[in-house]
Amino acid sequence: GRRRSGANRVSEFRADLLDDPGALAQADRSELLRALATAGAQVRRAVETAAEFGVGRLRGELRPRAVLVAPDAHAPYLSSLLAALAAGEAPVLDWRDAALPRWAGPADVLLVASADGRHPRLAELVAQADRRGLVLAVAAPAGSPVAAAAARHPIADLSHLSGVPQRAIWWSLATPALLA
C-alpha cells in the first residue's frame with residue numbers, strides 16, 4: 001500500500017496506550033481523547049442544564065414559520081443537523097449575518113449556540129430577537145454577553161465547558177438546540 005505523508009497521515013490505533021496511563025498522557029497532551037470519552041456525560045449534563053433553564057417552555061402547539069440557527073465557530077454544522085431532523089416541521093436557516101432578516105418576528109425561532117458567549121454578532125442577534133418577539137433559546141456560559149442579552153429567555157449555561165478542549169464540545173452545544 002501507499003504511505004500518506006504530512007497532514008494526510010493516518011494514525012493507527014494503538015491498544016497498548018490504553019493500558020499505560022503515562023504513555024496515553026504523552027500521546028494525548030491536549031486531553032482530547034479524555035474529553036471525547038466524556039461525550040455521553042456531556043449530553044446528560046446538557047439535557048439537565050437545558051431543563052433547568054426552561055428550554056421545555058419553547059414547545060408549543062404551533063409550528064414556527066422558520067427556525068434561525070446562529071452558532072459560533074465551535075458548532076459549524078448545527079444548522080445542518082437541525083435541518084435534517086426537522087425536515088417536515090419548519091425550515092431551518094443557518095444565520096451568520098449580524099442582523100436578523102427583516103421578516104423575522106414572533107412567528108419565528110432563534111437558536112443560539114456559543115461556547116464562550118463572547119461573540120458580539122451573537123449578542124446582537126439575541127438582542128434583536130428579544131426586541132422583535134422571536135421565540136429564543138440560547139446555549140452560552142452564564143454571565144457572558146450572549147447570555148446577558150438573553151436574560152429573559154431560556155439559557156443553557158455552558159460555563160462548565162471552560163476546561164474542555166474546544167474540539168470536544170460539539171454535543172454540549174448541540175444538545176440544548178436539539179431539545180429546543
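A salt bridge here is a side-chain nitrogen of Lys or Arg within 4 Å of a carboxyl oxygen of Asp or Glu. The structure, a predicted model, holds 6 such salt bridges.

**View 1. The whole protein chain.** The protein chain has 7 helices and 5 strands, and from the N terminus on its elements run α-α-α-β-α-β-β-α-β-α-β-α. Of its 180 residues, 39% count as buried. Its accessible surface comes to about 10,700 Å², with 54% belonging to carbon and sulfur atoms. Among contacts between residues at least 6 apart in sequence, 71% join residues at least 24 apart.

**View 2. Confidence along the protein chain.** The average pLDDT is 82, and 88% of the residues score at least 70. Where pLDDT is low, the predicted coordinates should not be read in detail.

**View 3. A nonpolar patch on the surface.** Phe-13, Leu-18 and Leu-33 form this patch, with about 350 Å² of accessible area together. Leu-33 belongs to helix H2. The relative accessible area of Leu-33 is 43%, so this residue is partly exposed.

**View 4. The salt bridge between Arg-63 and Glu-89.** The closest N and O atoms of Arg-63 and Glu-89 are 3.0 Å apart. Arg-63 lies in the loop between helix H3 (39-52) and strand S1 (66-71), and Glu-89 in the loop between helix H4 (78-85) and strand S2 (92-94), so the pair ties together parts that are 26 residues apart in sequence. Arg-63 counts as exposed, at 57% relative accessibility, while Glu-89 counts as partly exposed, at 46%.

**View 5. The salt bridge between Arg-65 and Asp-108.** The side chains of Arg-65 and Asp-108 meet at 2.5 Å, N to O. Because Arg-65 lies in the loop between H3 and S1 and Asp-108 in strand S3 (residues 108-113), the pair ties together parts that are 43 residues apart in sequence. Arg-65 is partly exposed, with 44% relative accessibility, whereas Asp-108 is buried, with a relative accessible area of 0%.

**View 6. The salt bridge between Arg-131 and Glu-124.** The N to O distance between the side chains of Arg-131 and Glu-124 is 3.5 Å. Arg-131 has a relative accessible area of 60% and is exposed. Glu-124, at 34% relative accessibility, counts as partly exposed.

How values were computed
Residues numbered from 1 in each chain as written. Predicted model: local features only at pLDDT ≥ 70, side-chain atom pairs only at ≥ 80, totals over all residues. Heavy atoms only, no water. Helix = DSSP H or I, 4+ residues; strand = E, 2+ residues; numbered from the N terminus. Buried < 20%, exposed > 50% of the residue type's maximum accessible area, 1.4 Å probe, protein only. Contact = heavy atoms within 4.5 Å. Areas by Shrake-Rupley, 256 points an atom, 1.4 Å probe, with all protein chains shown as cover. pLDDT = per-residue confidence, 0-100. Patch = residues over 30% accessible without salt bridge, like charges linked within 9 Å, V, L, I, M, F, W, Y side chains within 5 Å.
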